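Hi,

Here's the structure I promised to send over.

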Amino acid sequence: MLSKLGEFIDKDAIRDIVFIVISGVALVASFFNISIFGLNAAWISIVLCGIPIIKEAIIGLVTSFDIKADVLVSIALVASVIIGEIFAAGEVAFIMQIGALLEELTVAKARAGIEKLVHLTPRTARKIENGSETIIQAEEVKVGDILRVLPGETIPVDGIIKSGHTSINQAVMTGESLPVDKEAGDEVSSGTVNQFGTFDMTATKQEKDSSIQRMIRLVQSADAGKAKIVGIADRWATWIVVIALSAAILTWLFTGQIIRSVTILVVFCPCALVLATPTAIMAAIGNATKHGFLVREGDALERLSSISAVTFDKTGTLTYGKPEVVAVKSFSNKFSDDDIFSLCASAETRSEHPLGKAILNGYKGEKREIEDFEMLPGRGVKAVIEQKEVLAGNIELIDENGVNFSNDDLECVKEFINKGCTVVYIAVNKTKAGFIALSDTVRENSKNTISDIKDLGIKTVLLTGDHKSAAENIAGIVGVDQVKADCLPEDKIKCIDSLMNEGKKVCMVGDGINDAPALKKAYVGIAMGGVGSDIAVDAADIALVNDDIKELPHLFRLAKRMMVTIKCNLTFSMTLNFIAIVLAITGILNPVVGALVHNAGSVIVIINSALLLKWRKK
């Protein structure tokens, strides 16, 4: 927890905390008329907390005529000092510095995972020329060059496979949980990982135009286009300054008593107004943390309160992102369903393919002894078990070995394919035996979560790089309103843009590297922090630490409740200020009592905000 807090506290914040503590002690001493070196102890608060405020106000006015709340505070400070109300000046400086610190802790600096994306970019490529292999820099690759990619290597540029069979991990681009089998004529993208077979490819793009570089540019442009919310006190600052100064000058002119004018400036200092927003946000962040959310951007909850659409990635977000066996079917009288499962699991014992591992994990019986094993990249595996040759793989493997599945068999298989399943065909001694269907499994809370979100009047959309059949199957189970399948990172951004053009404020929930641009582009980005990549988390405003999406509806309700609290705080603080002004004009309040009254208002605002810490709708 301390390491997470360290992300928000820098050296300047630590200095401010020290100054605030010292100033608080000095104000207590001043209240009891304790002097330091013959001076009112409140001078310590004025120097440590007040001078930085005055400095910022002067810089803002001189450089860009930027009128913020600190302008009025500075005027009140100077006026209080001039008429000898040192305690009032120190008290105002102290409260304002607390408000500034809370804002500093609340509004975190924008984070981008661009540097981590850059690390995914391959540095070198294996160029094949005149039969010899040369290692060159990736940026030196030209369109038309022949490149060789070995197992485990990252593909350097976009291209088309010229020869060889393999399986490619495309999670970086599509978010698909399973490797995709590739052969001659298939396209491959830079940044994706070659898992098993060696292949030669023809480069179709240069490194600067490749898929991974395009994703980096998408993240950069999406982040630059996201507006940052300005504090409400600063938004209203110009009017506050004009009203306060006008009231103070008119009071001085009509009464001739400068102390009343100074009192007006003191009570109109927007302490409670400045505290209204950050205290509520900090309390809401504390509440969110207890429910598994790490709020990385201070204004994220403020933005989240107004969203009208949520886009979800599928794999790893609404699903667990891990394939599981959902069906085992025998097509032979010689083998039962359990025999098929046993033979396939035994054959996959030495496989490193995720599908093979999923089958192995799913089978709980005794494994059979393997007499021989061969990995067939882009196809499957071949093993000899109990003197039987067992083939387990895709339909291309079955066809290449002359194994015939009847039309009825294929129709049975098609039912599972239409549900988005991946099918492993099994043959024994070149004769059909059966198949095993695997599918990504839906998180147990996904359906209820989507239902609760829709009850809030928020539209739900599924954005996934998976195929249409898999996407629609999952969408039907969980009940989302709209589905967009076969999405690359730029397609997800286009969909979010389209929703924004309809006037919707979009929240994106995702977990993979391929989701980073969409997480940045969305009005609010929420990343699955447990299973998600570091790059996705860095691109998001909020990270879901424990991956339990059932708390998402609470987060949306909490954001709305936070805004209600902020509006109540603002209304109360402004009402109190105007009442205090009337009392100051009539001479009932002096600067010291005025400072105490409006600081009492600040305390009430803080207490009201603190109620958010344990809030949860029953």
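Below is what turned up on the salt bridges.

Some housekeeping: this is a predicted model, so local features need pLDDT of at least 70 and side-chain atom pairs count only at pLDDT 80 or more, while totals for chains, interfaces and linings use all residues. Residues are numbered from 1 along each chain as its sequence is written, and side-chain values use heavy atoms, with hydrogens and water left out.

The structure has 23 salt bridges (a side-chain nitrogen of Lys or Arg within 4 Å of a carboxyl oxygen of Asp or Glu). One of them pairs lysine 314 with aspartate 440, with 3.8 Å between the closest N and O atoms. That pair links distant parts of the chain, 126 residues apart: lysine 314 sits in helix 14 (residues 314-318) and aspartate 440 in strand 19 (residues 431-442). Helices (H or I, at least four residues) and strands (E, at least two) are DSSP runs, numbered from the N terminus.

Lysine 314 is buried at 2% relative accessibility, and aspartate 440 is buried too, at 12%. Here buried means under 20% relative accessible area, exposed over 50%, and partly exposed in between (1.4 Å probe, protein chains only).

Then there's glutamate 374 with lysine 382, where the closest N and O atoms are 3.7 Å apart. Glutamate 374 is partly exposed at 38%, and lysine 382 is partly exposed at 27%.

Finally, take a look at the salt-bridge network that links Arg126, Glu133, Arg148, Glu153 and Asp200.

Cheers
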